[in-house]
Amino acid sequence: MKVGVPKEIKTEEYRVAITPSGVEELVKRGHTVYVQKDAGLGSGISNEEYEKAGATILETLKDVYDAAEMIVKVKEPQPEEFELLREGQILFTYLHLAADENLTRKLMERKIIGIAYETVELDDGSLPLLIPMSEIAGRMAPQEGAKYLEKPFGGRGVLLGGVPGVPPAKVVILGGGTVGMNAAIIAAGMGADVTILDINIPRLRYLSEVMPANVKTLYSSRYNLRESIKDADLLISAVLIHGAKAPKLIDRELLSEMKDGSVFVDVAIDQGGSSDTSRPTTHRDPVYKVDNVIHYCVANMPGAVPRTSTFALTNSTIKYVVKLADLGWPDAVLNDPALYRGVNLYRGYITYKAVAEAFGLEYTPLDELLRAESEGMEI
Ligand SMILES: NC(=O)c1ccc[n+]([C@@H]2O[C@H](COP(=O)([O-])OP(=O)(O)OC[C@H]3O[C@@H](n4cnc5c(N)ncnc54)[C@H](O)[C@@H]3O)[C@@H](O)[C@H]2O)c1
């Protein structure tokens, strides 16, 4: 198959969808990989590295779209990419269609096959192409929190790990899923006194078994949350209710219990945030203060560490890219239920229920369309 990897053009997006190792894997199997010139520079990967791995470097975005049967990207296509997509072309990337009706309609018009990273779902309900980004955001949260606790950045002037004779900082983590657990690992490693709150008791049981001694677990109730954030130096929110907006667990009254100069990292901001006081910020201007609590609410935290993020993402995506290239459409998705669940759009039809429901549009199950096609019907 001819696989195309464009340079990402969304603002402040430095990741790239394939690394030289992925190129080598595809080329070894007889596929052709077209990489747009400088696509890897933001992640520290040169054109020469891609060429050495067997890729063909193409000059422009249009060259890549024209040459490829499958486009592999990181972010959703931008307006200048819409017209470059053509009927029957496979697009494999983060799409987040339910959040963008215009994008959904534009991609329907282009009659592409849209497979979304974020809806590739294993049988146990886990999302293998979202987990790596949660791991990164989780590990970044204490690092960012530690920075803004420093006096010159406006914080209380507390060192996360303390020193002998001076106690460490108190870190409270709300939600003990992927983000929360990774945040706890780093905060604990830096020597902080960590508490994780969650409502899922089996999860708390697991965390208390695997976490080091400076991590405690606590059932998440408003009462317990209030008691713990009173003397927290750093609060990290990592809550998620699948498929829903983040629950607003922290209101102004609770926030007013926090100490002056303490830091609140709301990782859940990409789902709307967990506090009335949270609003999305960017890496250029990441923090603001409310009631003397520093809020860090960057909605794309992994974007700050593109080199790590690119490798983490592609480690997980490559096996699906290889499968799509090896087996082609539709065998690749028929052979892999997780990939099948990733199909959001097929030749102008919406094949993912939640996307159709988000805009009151018609949902057509993919198997119906494939059956009709195999019976020679026009769809
Ligand atoms: N800002 C970013 O750059 C960025 C990057 C990656 C992920 N995220 C976001 O981080 C959030 C967490 O993601 P995740 O992968 O860890 O999800 P996850 O599903 O693995 O974990 C969420 C946890 O929240 C817990 N929870 C639900 N309601 C709760 C409550 N009332 N009190 C305490 N805990 C509660 C759940 O039991 C679960 O353990 C999501 O909103 C995700 O979109 C943000």
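Helices (H or I, at least four residues) and strands (E, at least two) are DSSP runs here, numbered from the N terminus. The model is a predicted one, in which local features need pLDDT of at least 70 and side-chain atom pairs count only at pLDDT 80 or more, while totals for chains, interfaces and linings use all residues. Residue numbers start from 1 along each chain as its sequence is written, and side-chain values use heavy atoms, leaving out hydrogens and water.

Let's start with the domains, whose bounds come from an automatic or database domain assignment.

| Domain | Residues |
|---|---|
| domain 1 | 2-119 + 305-374 |
| domain 2 | 133-304 |

The C-alpha centres of the two sit 33 Å apart. Their contact (heavy atoms within 4.5 Å) takes 10 residues from domain 1 and nine residues from domain 2.

Now for helix H15, residues 366-374. Leu366, Leu369, Leu370 and Ala372 are buried there, buried being under 20% relative accessible area, exposed over 50%, and partly exposed in between (1.4 Å probe, protein chains only). These four are on the same side of H15 because they cover an arc of only 160° around the axis, taken from the directions from the helix axis to the C-beta atoms. The buried residues of H15 pack against helices H12 (331-334) and H13 (337-341), plus strands S14 (343-346) and S15 (349-350). After H15 comes Gly376, with a positive phi near 80°.

Over to Val163, which is found in the loop between helix H6 (131-148) and strand S7 (170-174). Val163 counts as partly exposed because its relative accessibility is 46%.
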